[in-house]
Amino acid sequence: MGFYGINFLGVLVAAIAAMLVGMIWYSPNVCGNKWMALAGISKKKMKESKEKGMAKQMVTGFVSQLVMACVLSIFLAYSGAASIPAALVVVFLLWLGMIATTQIGSVLWEGKSFELFFLNTLHSLVALAVMAIALQLMG
């Protein structure tokens, strides 16, 4: 354990695992092509972004995963979730109450499709679940 129940090594492993989930989820062979079409991102724009370099985006994304894993670690400790099933219940409740409810705004106010909403929010659920499992295994 660490400060406020944070297992710092577990947080690092969980953040790395979540980044890997994102890389797989948004890869062309899984949901990447569908996501690009739904988000209105052309292959040309994606290629230009890759050519410019995406280091800043990757570092920022990793830092955000570290923050999420850190906060999740605190929630798991304070909830007393001492097993993977208990941690997954906490994850589902956090996802439903915090992520799904805020992300629906993209449909309501930005005119994004429900399909894009589901693709992105399900990614968040899977990434959080993987984080929780990593935190439990590293606990």
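The following exercises, with worked solutions, concern the predicted model shown above.

Residues are numbered from 1 along each chain as its sequence is written, and side-chain values use heavy atoms, without hydrogens and water. In this predicted model, local features need pLDDT of at least 70 and side-chain atom pairs count only at pLDDT 80 or more, while totals for chains, interfaces and linings use all residues.

**Exercise 1. Determine which secondary structure elements make up the protein chain, and what percentage of its residues count as buried.**

Step 1. Helices (H or I, at least four residues) and strands (E, at least two) are DSSP runs, numbered from the N terminus. The protein chain has seven helices and zero strands.

Step 2. Buried means under 20% relative accessible area, exposed over 50%, and partly exposed in between, with a 1.4 Å probe and protein chains only. Of the 139 residues, 35% count as buried.

**Exercise 2. Describe how α4 and α5 pack, and which residues make the contact.**

Step 1. Axes are lines fitted to C-alpha atoms, for helices over the stretch in contact, and angles run from 0 to 180 degrees between N-to-C directions. Helix α4 (residues 55–79) and helix α5 (residues 84–103) meet at an angle of about 120°, and their axes are 10 Å apart.

Step 2. Angles under 35 degrees count as roughly parallel, over 145 as roughly antiparallel, 65 to 115 as roughly perpendicular and the rest as oblique. The two helices, α4 and α5, are therefore oblique to each other.

Step 3. Contact means heavy atoms within 4.5 Å. On α4 the contact is made by L72, F75, L76 and S79, and on α5 by A87, V90, V91 and L94.

**Exercise 3. Is S27 buried or exposed, and what does its side chain reach?**

Step 1. S27 lies in the loop between α1 (8–25) and α2 (32–39).

Step 2. S27 counts as buried because its relative accessibility is 18%.

Step 3. The side chain of S27 reaches the backbone oxygen of I24 at 2.8 Å.

Step 4. With neighbours within four places in sequence left aside, S27 is in contact with G32 and N33.

**Exercise 4. Characterise the surroundings of F117.**

Step 1. F117 belongs to helix α7 (residues 114–138), and at 9% relative accessibility F117 counts as buried.

Step 2. Beyond neighbours within four places in sequence, F117 is in contact with A100, Q103, I104 and V107.

Step 3. For V107, the separation from F117 is ten residues in sequence and 6.9 Å in space, C-alpha to C-alpha.

Terms used: Polar contact = N/O pair within 3.5 Å; in protein donor to acceptor, adjacent residues only side chain to side chain.
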